[in-house]
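Dear colleague,

I am handing over the structure below, and my notes on it follow directly after. Please read them with the structure open beside you.

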Amino acid sequence: MKIVVLISFSFISSFLFAQEKEKIYNSIQLDTLTIFAENEFDIKTFIHRIKDDTTFYQAFINLRYYPHKALGNLWVYNRREKEKAAEKISVIQHLNKSYMWQDRKTISSSGKLRTKKGKYRFTTAEIYYDIFFPSDTIPVSTDISNVKEESVEKSKKSKYIHDLKLMMFNPGEDISGVPIVGKKMSIFDNDMVQYYDYKVSIITFNGMECYQFACVAKPEYKKYKTVIKYLTTVFHKETMMVLNRQYSMRYKSILFQFDVKINVRNEMSNGIITPLSISYTGYWDIPFKTQEKIAFTIVNSDYTLKD
């Protein structure tokens with residue numbers, strides 16, 4: 001659903017801040033004391049790299065730019081978890097100079113996904129097609145911009161998409177806007193550190209040695225104190241590119257509730273990072289909107305990594 005989480009910093013005296021900002025660094029568990037020896041950076045530098053990372057966003061910029069094939073599946077469920085609409089599509093994406101377009105073929109479709117006028121009945125479905133499978137020819141580039149500083153059109157739809165990007169590409173960061181939920185999204189904030197377990201490990205991912213950063217809500221705080229229930233990010237050890245990110249967000253109140261899980265797997269080829277697969281499951285119940293439970297998967301292949 002088109003909802004965003006927006007947050008604001010609370011500023012305190014410089015002396016207190018100098019002490020409080022150490023909380024996140026002192027709360028992280030390392031699976032080995034020599035984990036950062038080879039790369040010659042400490043835990044503070046590592047956390048800054050997580051917060052300042054642009055490779056995850058770059059992968060999505062590249063997704064829109066480079067020609068490739070894609071297979072998309074979308075499912076809509078009712079309150080009883082029964083499927084009430086679904087659509088499977090195959091896509092071939094093309095590039096001509098700085099313009100991208102897609103040839104889309106519907107493999108199968110069931111239920112009432114659209115109105116008689118062709119508009120999507122569900123907000124999530126509309127955003128899914130708008131972001132990943134646009135129907136128009138659009139200008140593209142591999143240049144990356146700061147998501148926070150992007151100019152946003154005045155339409156509600158554009159703002160929702162911009163806010164969704166903030167939530168996806170800057171997890172745990174402050175975003176201004178929806179009250180109540182907003183502050184709880186900031187997993188690196190001093191006020192939130194007490195509710196989470198943080199861990200940095202060295203793992204093998206797709207045959208490559210990687211760093212894994214995990215942030216998991218403590219069992220006693222999963223229900224009320226937190227919105228992000230878990231966030232794991234896998235970084236390629238040599239390049240620090242994000243190869244995988246999984247996160248779960250859940251919130252429930254009298255006003256609204258949502259439960260969202262996202263898993264994105266990236267791959268590297270010739271120094272270029274691109275999304276290999278994207279999966280999403282989300283439930284939204286917001287006033288004056290129809291409840292939505294929608295899942296989708298996207299599998300990308302056969303990238304042409306040249307202009």
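Ring pairs join Phe56, Phe60, Tyr120, Tyr128, Tyr129, Phe132, Phe133, Tyr280 and Phe296 into a cluster, where a pair means rings of Phe, Tyr or Trp (its six-membered ring) whose centres lie within 6.5 Å, counted as stacked if the planes are under 30 degrees apart, as edge-to-face if over 60 and as tilted for the rest. This is a predicted model, in which local features need pLDDT of at least 70 and side-chain atom pairs count only at pLDDT 80 or more, while totals for chains, interfaces and linings use all residues. Residues are numbered from 1 along each chain as its sequence is written, and side-chain values use heavy atoms, with hydrogens and water left out.

The charged end of Arg114 sits over the ring of Tyr129, 5.6 Å from its centre, and Arg245 lies over the face of Phe56, at 4.5 Å from the ring centre.

Tyr128, Tyr129 and Phe132 of the cluster are also among the buried residues of helix α5, together with Thr123, Thr124, Ala125, Ile127 and Ile131. Helices here (H or I, at least four residues) and strands (E, at least two) are DSSP runs numbered from the N terminus, and buried means under 20% relative accessible area, exposed over 50% and partly exposed in between, with a 1.4 Å probe and protein chains only. Because 8 of the 10 residues of α5 (residues 123-132) are buried, this helix is largely enclosed by the rest of the structure.

The structure holds 19 aromatic pairs, and one of them is the edge-to-face pair of Tyr195 and Tyr221, with 4.7 Å from centre to centre and 70 degrees between the planes. Tyr195 lies in the loop between α8 (190-193) and β6 (196-205), and Tyr221 in the loop between β7 (208-217) and β8 (228-236), so this pair ties together parts that are 26 residues apart in sequence. Tyr195 is buried, at a relative accessible area of 12%, whereas Tyr221 is partly exposed, at 24%.

Since 8 of its 9 residues are buried, β8 is largely enclosed by the rest of the structure. Strands are taken to pair if DSSP finds at least two bridges between them; β7 and β8 run antiparallel and are joined by 7 bridges, and β8 and β9 likewise run antiparallel with 7 bridges.

Most residues other than glycine have a negative phi. Met240 is buried, with 10% relative accessibility. Glu81, in the loop between β2 (69-77) and β3 (83-96), also has a positive phi, of about 70 degrees, although it is not a glycine.

- Glu81 and Lys293 meet through their side chains at 2.7 Å, N to O. With Glu81 in the loop between β2 and β3 and Lys293 in strand β12 (residues 292-301), the pair ties together parts that are 212 residues apart in sequence. Glu81 is partly exposed at 47% relative accessible area, and Lys293 also counts as partly exposed, at 23%.
- Glu209 and Lys237 form a salt bridge at 3.4 Å, N to O. Their pair links distant parts of the chain, 28 residues apart, with Glu209 in strand β7 and Lys237 in the loop between β8 and β9. Glu209 is partly exposed at 44% relative accessibility, but Lys237 is buried, with a relative accessible area of 10%.
- Lys261 and Asp259 meet in a salt bridge at 3.5 Å, N to O. Lys261 counts as partly exposed at 37% relative accessibility, and Asp259 is partly exposed as well, at 24%.

With best wishes

Conventions. Lys NZ or Arg CZ within 6 Å of the ring centre and 35° of its normal. Salt bridge = Lys/Arg side-chain N within 4 Å of Asp/Glu carboxyl O.
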